[in-house]
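Reader: I have just opened this one and would like to go through it slowly. Could you help me read it?
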Amino acid sequence: MDFSSIYGVSHKPFLTLFLLFLLPLHSHSHNSTTSAQINSNSILVALLDSHYTELAELVEKALLLQQLEDAVGNHNITIFAPRNQALERDLDPEFKRFLLEPRNLRSLQTLLMSHILPTRIASHHWPAADLLHRTLSDHHLHLASKPSGQRTVDSAEILRADDVLRPDGVIHGIERLIVPRSVQEDFNRRRNLAAISAVLPEGAPEVDPRTHRLKKPAPVPAGAPPVLPIYDALAPGPFIAPAPAPGPGGPKHHFNGERQVKDFIHTLLHYGGYNEMADILVNLTSLATEMGRLVSEGYVLTVLAPNDEAMAKLTTDQLSEPGAPEQIMYYHIIPEYQTEESMYNAVRRFGKVSYDTLRLPHKVLAQESDGSVKFGHGDSSAYLFDPDIYTDGRISVQGIDGVLIPPEEEEEERTRRISPLVKVAAPKPRRGKLMEVACSMFGSFGQVCQ
């Protein structure tokens, strides 16, 4: 078949018009099956354009727009929107900080979805008797009416009924934020981590200087720092064993290190731009397991996490040697708990600060530069790019824009890369001195050496 004759109008105009008529029908049917279209008159568009700016901003930060679009495509919804003052001024600052931390994304999503019902309840449909309604977060809201006629949702009063009306939903303005019990429990669990860190001082147990081990195992109270240095608790690296072994673990774990490490790995993935770092910690090495064991034993860690753009600059030679990924990551882990504020205050006060790393004996240098914290030397330096990605009192993750390399290794790499290969010519073979003396002696007797 000649396709030019089909698309050429001058040859067969009737067939061309028939194809042009079928094309929009096919595209329309395809789009309708893939996803529901949200028009400009939707309740979601009205929410984003309404005066409930604080709630709209939280919905965007919680990554809920796609989920809400799917919900609106299936049924009408009712949104109970707290006024801006309730979210901006009346909310506990510590609780608001908890909600905005990337690692608590699920708690924020649960909180917001608890304000949305998968049905339309306008003011004239408000139940006369007390009634429970299931929300999009599978929690239940208690809808009631007082004798005075005031409508309430749980403990919040309806201030502006039917504030925004659209064909697919309605928005009621309420006086305060509704906090589900599960979110409150998550917040209390995070906050109570600080309550177990204060312990009574006790005498230090004796440590054998030859083995760096305790002579007599002493009970360690909850929250007390470990007796042994973190370097003695580290698992043997690949230069000792064929594969990294998990760190020490015991039955007296005062902290759930595995859960905290899993939390910060999920935070890196949700935050975006640190997938390579998470992949090395979980898949390429067993450092995630080892860090979990260390935190369970009471150690604290600060991770300087290079972003994906910085990790992409690593060469194959730098990662191909046995144990190279572990050594690179060890140089990015500080056995202290540092935040962006504490490190910046330190470099502002002292100029330059050297932090110990898990890669002995190398230290990482930090200094103030351009209003931020700069780590490392020369070409391998990196700036504090994304501060406080994850902070829970035991693990601190700080995003940096480069991969740090110890200055000694950087100098060796530069020398090896710059210095040319010099070919040394082999000397011509010649007879030894002893052979020359022997030939002279035989020559005196009339013999000649060949």
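Author: Let us begin with a term: a residue is called buried under 20% relative accessible area, exposed over 50%, and partly exposed in between, using a 1.4 Å probe and protein chains only. This is a predicted model, where local features need pLDDT of at least 70, side-chain atom pairs count only at pLDDT 80 or more, and totals for chains, interfaces and linings use all residues. Residues are numbered from 1 along each chain as its sequence is written, and side-chain values use heavy atoms, with hydrogens and water left out.

Reader: Okay, so how many salt bridges does the structure hold?
Author: There are 7 salt bridges in the structure, a salt bridge being a side-chain nitrogen of Lys or Arg within 4 Å of a carboxyl oxygen of Asp or Glu.

Reader: Which residue does Arg 83 pair with?
Author: Arg 83 forms its salt bridge with Asp 90, and the closest N and O atoms are 3.7 Å apart. Arg 83 is partly exposed, because its relative accessible area is 33%, and Asp 90 also counts as partly exposed, at 48%.

Reader: And what about Arg 160, what is its partner?
Author: Arg 160 is joined to Asp 163 by a salt bridge whose closest N and O atoms lie 3.5 Å apart. Arg 160 has a relative accessible area of 45%, so it is partly exposed, while Asp 163, at 22%, is partly exposed as well.

Reader: Changing topic to lysine, where does Lys 363 find its salt bridge?
Author: Lys 363 pairs with Asp 356, with 3.5 Å between the closest N and O atoms. Relative accessible area is 46% for Lys 363, which is therefore partly exposed, and Asp 356 is partly exposed at 32%.
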